[in-house]
Structures are given as structure tokens and as C-alpha cells.
Amino acid sequence: MGAGKSTLGREVAARLHRPFLDVDAEIESREGPIPELFERGAFRELEERAALEALAMPPGVIALGGGAVETKAIREALRERATTVLVEVDVETAWQRVSGSDRPLAQDEARFRELYARRQPLYEEVADGRAHDADDVVLAAGGVTVSAMPRDLVQGRGPAELIADERVLELHPPPVETRVLTVPPGEGAKTVATAERLWRELRLDRSGTLVAFGGGCTTDVAGFVAATYLRGIDWIAVPTTLVGQVDAAIGGKTAIDLPEGKNLVGAFHWPIRTVIDPDLLSTLPAEQRREGMAEVVKTGLLAGEALWELPEPELVRRSAAFKTAICLRDPHDRGVRQILNLGHTFAHALEAADEYGAVTHGRAVALGLLAALSLSGRDASIVEEVLAPEPVRVDRERAWDALRRDKKSTGGELTLVLLGDDGPLTAAVPEADVRRALDSVVAD
């Protein structure tokens, strides 16, 4: 009571493009004012019926009354059917918000405080995540935690094994005490040979959990291995780079590369949990930080917000929340999620033309953003100021061949993500224009 659930619920529903239902408002629309229902002793029964009906409906965002958790049937339904997010509020703030209202259980401060304390264990019992704002709710709904890395990552989940970037292990202790399999740093991890070695070295059964500990390339290959080993096992992503924390480890896209192109073999396999600890970025070299900033700038352009100007922990949280919301709306990349590819068609072509060598992903994305903004007729000064990308020296024809083979091309047409006046959009672009934009980011 007084936490702001209804306001947050409407905002989250709008971001996820899902219906919103406020259980208290629904009861009032059917049965009349809630104070009168309390006086008649009818409210809790009506609340149980309305809440269970809401939880049986297709996925949506539901705001429950503060006392709904006191009903056992509602608690059981929440465990079975919902991701439940506790909107945290201290008792002083809650009382200030509701005192003087007509809420039946907010007429006496001492009773209100007793009620607050009595309900806390029930909130703890049902909560899958905690939130203070809409970003927190979205992250919780996507299974993403932005906080210090907990030591109980796989508690109660059966056997576990860890796949880690060998460089990361030198800098940070592994997040779980278990068998460790290493992969090379960078794109060298995302090969058929590495995936095969990991398949053969794993000792997990189908109840096991794979933990990926490293940058975006590590989570890509580990997630792909988890998706295919024993036809799919659970996995947890613990990204340690800025690229991983704001982009690669979120949303269940997993993949390995082929010589013909980047991420051509993969699967959608959502991690059961993504744990983002911004403190892990303290050891990140400056060049790796710039790599991640390319994804931050991309996200900011899509969101229409200068996310790159925020302090690092908030930059990470806001960027991760934006991507999580898009991925929840489109888990299998069949619609709105394609906007996250802004600049990436060009980037992947440059990387493939360089055979995943000196042209790093972040540098390629920065150049891809320049090319995409040029085709969009938009000012690219932010990309130039924040990322300062220089054209790369790669084989133009090989880059062009890789771009035309890119998985985002359909039926021979080159479909690109552009940035319009009202936000991102996908559009078929004439080959001559695309080729000209690609050539502009390739050095002579």
C-alpha cells in the first residue's frame, strides 16, 4: 500500500506492449467502492477471485493490492504463473502517501505500521525480484539482476559447471566453486571447434546449469553450447565487459561464427538468470570500455536519450533495461527486436571481411552506426564525438559479400535498421546506396 504499484504497472505495461490490470480498480468497477466492500466483509473474497482470474489470463502486467499476498491461493498462483516483483517502499514513505486517504487499512498509523511489518515475510516469500522504478521492474521480468554478484548463483539448481574467458579468470575469482572450462578471449571463442570441445568436455546431466563468466563472446558461445547440449540445459550469464552487460548477455541470442559471416549459427535460449555486476568493469582496459560504449551509443540513439552521459552504474542499468524491454516484447527477433541491429549489418560485414582479426566488434559497430545514420539522413556527430571511429582497411568485396549474406537480408533485398524522425525503423534500401555507405567506412 502506497508503493506506487499502479503507476509503475501502467508504465511497464506500455514499455512491454502488454495489457495492464489493476486488481483493486477492477474490483471497484464490478462491485463498487472498496471501503464499502470492507465494511461488508466481502473484499478479500472478491480480491481472491479477481486476482486468480487475472493470473489465468494471457501475459500482462498486474498490480495487486498490498494485502493480496495474505491469501494462500493467490500466493500459490503467483508461484505457478507469474514473475512477481516487489516494489520496495519504507514504512514512513508509504504512510505519508496513504494517510488521509479513504483506504480502509490506512486510517490508523499504529495499525498501518503493524500491517506493514506483518506482511513483509509474505512479500519475501512471493517476490522473484525487487524494484524501485520501471527499469527495475523490466529487468526483474527479464531475469536480469544489476547488483553485486551474489555467491549463491546456482543454489538449489543441481550440478553446475562454469565456462569462462581465461583472461577473466586471472582478474576475478569464479562466481561459483565448480568445475571450470575455459575459452579463448574475444571472437576466438565463437568457433565450431570451441563449441565441439565444450560439448565433449561437459559432464552435466539435464538437471545441470551452465554458468557463463566473461565478455559477450563468452556468453555467446556458452549460451549456444547450453542450447544444444543434451538438447538444451539451463544457463546463467555473468557478463564481465561493458558490451556484455549492456547488450550481448541479455535476451537469449546465442551464436558462433563461420568464416562466411558472424553469428550465422545460433539459437534463442534465454538464460534463467543474468547477473550484471558493474564493479566487474573496474579491471576493464580502456579499449574494451570503448568497445562497450559503441553499444551504449546505439542504445541511446534508439531510446532517444543520452545514456552515454550517465555515470557508469546507471549507464549500465538503463541500457540493460532498454534492451530487456525490447527482448521481452519480441523474444525471437521477429519484429521490434530487429531495431537493436542498428549499425550491426555493416559491423558484421566489416568483422567478417577482417576474418575477426584487428577490426573489433565495438569499432565495427561505431562505423556501422556512421553508415546507418548516413543512410537515415541523420546527424552522426554524437558517434564521432563519443566513439571517434576511423575507417578500417579490409577487402571491400569480401565485406560486401558478407553484408549481402547477412542473416538480416530477406529474399535478396537488403533490409536495414534506420533512424527516422520518430525513432528506429526497418526499411529495404537500394543496393547502390548500401554499397556506398559501406565503402565510406572502409579505408582506401
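Predicted model: local features only at pLDDT ≥ 70, side-chain atom pairs only at ≥ 80, totals over all residues.
Residues are numbered from 1 along each chain as its sequence is written, and side-chain values use heavy atoms, with hydrogens and water left out.

Helices (H or I, at least four residues) and strands (E, at least two) are DSSP runs numbered from the N terminus. Helix 2, residues 23-31, packs on helix 4, residues 43-55, at an angle of about 115°, and their axes are 10 Å apart. Axes here are lines fitted to C-alpha atoms, for helices over the stretch in contact, and angles run from 0 to 180 degrees between N-to-C directions. The crossing of helix 2 with helix 4 is right-handed; a crossing is left-handed if the near helix is turned anticlockwise from the far one by less than a right angle, and right-handed if clockwise. On the side of helix 2, the contact (heavy atoms within 4.5 Å) involves Val 23, Asp 24, Ile 27, Arg 30 and Glu 31. Their partners in helix 4 are Phe 43, Leu 46, Glu 47, Ala 50, Ala 51 and Glu 53. Six of the residues in this contact between helix 2 and helix 4 are nonpolar, none is polar and five are charged. In this division, Ala, Val, Leu, Ile, Met, Phe, Trp, Tyr, Cys and Pro count as nonpolar, Asp, Glu, Lys and Arg as charged, and the others, Gly among them, as polar.

Helix 18 takes part in two further packing arrangements, with helix 15 and with helix 19. Helix 15 (residues 344-353) meets helix 18 (residues 396-405) at an angle of about 130°, with 8 Å between their axes. Helix 15 is therefore oblique to helix 18; angles under 35 degrees count as roughly parallel, over 145 as roughly antiparallel, 65 to 115 as roughly perpendicular and the rest as oblique. Helix 15 contributes Thr 345, Phe 346, Ala 349, Ala 352 and Ala 353 to the contact, and helix 18 contributes Arg 398, Ala 399, Ala 402 and Leu 403. Of the residues joining helix 15 to helix 18, seven are nonpolar, one is polar and one is charged.

Helix 19 (residues 431-440) packs against helix 18 at about 130°, with the axes 11 Å apart, and the pair is therefore oblique. The crossing of helix 18 and helix 19 is also right-handed. In helix 18, the contact residues are Arg 396, Glu 397, Ala 399, Trp 400, Leu 403 and Arg 404, while those in helix 19 are Glu 431, Val 434, Arg 435, Leu 438 and Asp 439. Five residues of this contact between helix 18 and helix 19 are nonpolar, none is polar and six are charged.

Leu 403, in helix 18, is buried at a relative accessible area of 0%. Buried means under 20% relative accessible area, exposed over 50%, and partly exposed in between (1.4 Å probe, protein chains only). Leu 403 is 31 residues from Val 434 in sequence, and their C-alpha atoms are 9.4 Å apart.

Leu 302 belongs to helix 13, residues 286-303, and is buried with a relative accessible area of 8%. Apart from neighbours within four places in sequence, Leu 302 contacts Phe 322, Ile 339, Leu 340, Leu 342 and Pro 424. Val 69 lies in the loop between strand 2 (61-63) and helix 5 (72-81) and is buried, at 6% relative accessible area. Not counting residues up to four places away in sequence, Val 69 touches Arg 75, Leu 122, Tyr 123 and Val 126.

The whole structure contains zero disulfides, a disulfide being a pair of cysteine sulfur atoms within 2.5 Å. For Cys 217, the closest cysteine sulfur is that of Cys 327, 18 Å away and too far for a bond. Cys 217 is buried at 16% relative accessibility, and Cys 327 is buried at 0%.

Most residues other than glycine have a negative phi. Asp 333, however, has a positive phi of about 60°; this residue lies in the loop between helix 14 (312-329) and helix 15 and is buried at 18% relative accessibility. Ala 388 likewise has a positive phi, near 45°. Ala 388 occupies the loop between helix 17 (381-387) and helix 18 and is partly exposed, with a relative accessible area of 49%.
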